Amino acid sequence: MAKNFSTREENYSQWYNELVVKADLAENSAVRGCMVIKPYGYAIWEKMQAALDKMFKDTGHENAYFPLFIPKSFFNKEASHVEGFAKECAVVTHYRLKISENGKDIVVDEDAKLEEELIIRPTSETIIWDTYRKWIQSYRDLPILINQWANVVRWEMRTRLFLRTAEFLWQEGHTAHETSQEAKEETLKILDIYANFAENWMAVPVLKGMKSQTEKFAGAIDTYCIEALMQDGKALQAGTSHFLGQNFAKAFDVKFLSKENKLEYVWATSWGVSTRLIGALIMSHSDDKGLVLPPKLAPIQVVIIPIYKTDEQLEQLNEKVRSIKQLLESRGISVKYDNRDTYKPGWKFSEYEFKGVPVRLAIGPRDLENNSIEIARRDTLHKEIVPIEGIDNVILKLLDDIQGNLYHRALNLRENNTFSVDTWDEFKEQIEKGGFVMAHWDGTPETELKIKEETKATIRTILMNNPQEEGKCIFSGNPSKERVVFAKAY
RNA sequence: CGGGGUGUAGCGCAGCCCGGUUAGCGCGCGUCGUUCGGGACGACGAGGCCGGAGGUUCGAAUCCUCUCACCCCGACCA
């Protein structure tokens, strides 16, 4: 299955596509641009959901669910928001099918045309703010801290599994606050959660910062983001948190009576991460032998493979492994014992390597005699024989090591691929090679656009607490007070 | 929406130019046997409306027309 697998060197994007499909994470569906997330891929998503969901709840958020369909008129209410999404909305116009005249085909029943078309949500700000209006009267109703786990649809021209699909799964948080200050704090609090999750669960180092006005979410005052660097030197936006100001409150007329008995518009935030994170995970750690998963998100942390010739040996191994598996599970480790007789050990080794299982244990008759077991780690492919006694502690430590090693490896990659340049020629040259390029920019959208046109590079982020320094814009030569992060992006 | 390409077994492909017995190959799949510490091997076997519709012809996977679908490269984007 994983033979004849492309290498990153040969063709990075083919490597990625094959990896996703051959590692059983997802596949293309009958509907163009949409994917089927297979059990192994979905298990990763579930682990991500569990960790994030807990973080949201620990910071006072609650889950709720808003509808998939949004009345078209809602989109008229916030002008920049419409501009941002109108081009990629799926629209429901009818609500019934019928058998055609010839009795063979199913056709749309033209009599069942909707009075007002429904838009399949590309994001839920509009329907949520229309709802919040009814929930909010006084400052006592604030804040509202809600998250929803949902699917959204954006009719993309070109799609890639996990990185950009027409339908994707995500969480979207939508909060309402009394003051601008409080909303800004919420925006940054979530940004920290995202960065923390990326670094500590996904083992993916991220830059935290603000989007330029061109790159921000349509409808936001400011968009903050976490930005990661993939192995091919391209940037990937991994999460966004928006300070929406009073834009949606004004568009949907959401006001509250303050303590001073004054009627004021509510302040808002929204924030989200999506199944794209799985793409980031894959591209950050995996190698030419397949997927590499960080232990904290791996559906299977340890796989145990028996090596035997006879049925008796297998039975003895089954017996031994049962106790090892129980021990590991009692320590909170997820373990799979693969004693299928239909595949050989070597085949299984390759299989689990390809699927990125962090730790593999192999045990055979020789080990039974010596009370030992072979332990192999996926990140470095290193293996050794260790005593079974105390294996639980060895593995707990190893999982921890792997998690840390993956993070540091990715961090090294980023550091080795982050450059400061001061001239336009250097800039063009470095952008072509890839990586994050820190350069001075005059702050205007015009310059930003021209740089994009000429190099395909965009401003990925303006770092938080960005050091201030005098400089000249690499493109226009105009004065600049700080460097911003440029890169070619996914 | 532009530019390029591909549709033949579950998957990957050959055959098509130059029409002609029963449409092949590799992987995978099934049964049996031997194997099993890094992707085993043998024997037998199952599996096809050659993307779809029209046409040319005694005869079409192959030639012609039309259609549909998908992939890659651009414009759009989390």
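These legends describe close-up views of a predicted model.

View 1. Helix α9 spans residues 345-354, and its buried residues are Lys348, Phe349, Glu351, Tyr352 and Phe354. Among the elements covering these buried residues are α1 (12-22), β17 (302-306), β18 (335-337) and β19 (359-363). Just after α9, glycine 356 has a positive phi of about 80°.

**View 2. The open sheet β4-β8-β5.** Three strands in the order β4-β8-β5 make up this open sheet, with antiparallel pairing. The edge strands, β4 (69-71) and β5 (91-94), each pair on one side only. On average, neighbouring strands of the sheet are turned by 40° against each other, direction ignored. Three bridges join β5 to strand β8 (residues 113-120) in the antiparallel sense. Valine 92 has leucine 118, in β8, as its bridge partner.

View 3. The structure holds zero disulfides. Cysteine 34 counts as buried, at 14% relative accessibility. Cysteine 89 is buried as well, with a relative accessible area of 19%.

**View 4. Stacked rings of phenylalanine 243 and tryptophan 267.** The count of aromatic pairs in the model is 18. In the stacked pair of phenylalanine 243 and tryptophan 267, the rings lie 6.2 Å centre to centre, with 5° between the planes. Phenylalanine 243 belongs to strand β13 (residues 235-245) and tryptophan 267 to strand β16 (residues 267-274), so the pair ties together parts 24 residues apart in sequence. Phenylalanine 243 is buried, at a relative accessible area of 5%.

View 5. Tryptophan 424 and phenylalanine 427 are separated by about one helical turn because they are three residues apart in helix α12 (residues 424-433). Tryptophan 424 is buried, with a relative accessible area of 17%. Phenylalanine 427 is also buried, with a value of 0%.

**View 6. A ring cluster and two lysines over rings.** Trp45, Phe56, Trp149, Tyr194 and Trp271 are linked into a cluster by ring pairs. The charged end of lysine 296 sits over the ring of tryptophan 201, at 4.7 Å from the ring centre. Lysine 355 lies over the face of tyrosine 40, 5.0 Å from the centre of the ring.

Methods: Residues are numbered from 1 along each chain as its sequence is written. Chains are lettered from A and ligands numbered from 1 in the order in which they are written. This is a predicted model: local features need pLDDT of at least 70, side-chain atom pairs count only at pLDDT 80 or more; totals for chains, interfaces and linings use all residues. Side-chain values use heavy atoms; hydrogens and water are left out. Buried means under 20% relative accessible area, exposed over 50%, partly exposed in between (1.4 Å probe, protein chains only). Helices (H or I, at least four residues) and strands (E, at least two) are DSSP runs, numbered from the N terminus. Contact means heavy atoms within 4.5 Å. Two strands pair if DSSP finds at least two bridges between them. Axes are lines fitted to C-alpha atoms, for helices over the stretch in contact, and angles run from 0 to 180 degrees between N-to-C directions. A disulfide is a pair of cysteine sulfur atoms within 2.5 Å. Rings of Phe, Tyr and Trp (its six-membered ring) pair if their centres lie within 6.5 Å; planes under 30 degrees apart count as stacked, over 60 as edge-to-face and the rest as tilted. A charge sits over a ring if NZ of Lys or CZ of Arg is within 6 Å of the ring centre and within 35 degrees of the ring normal.
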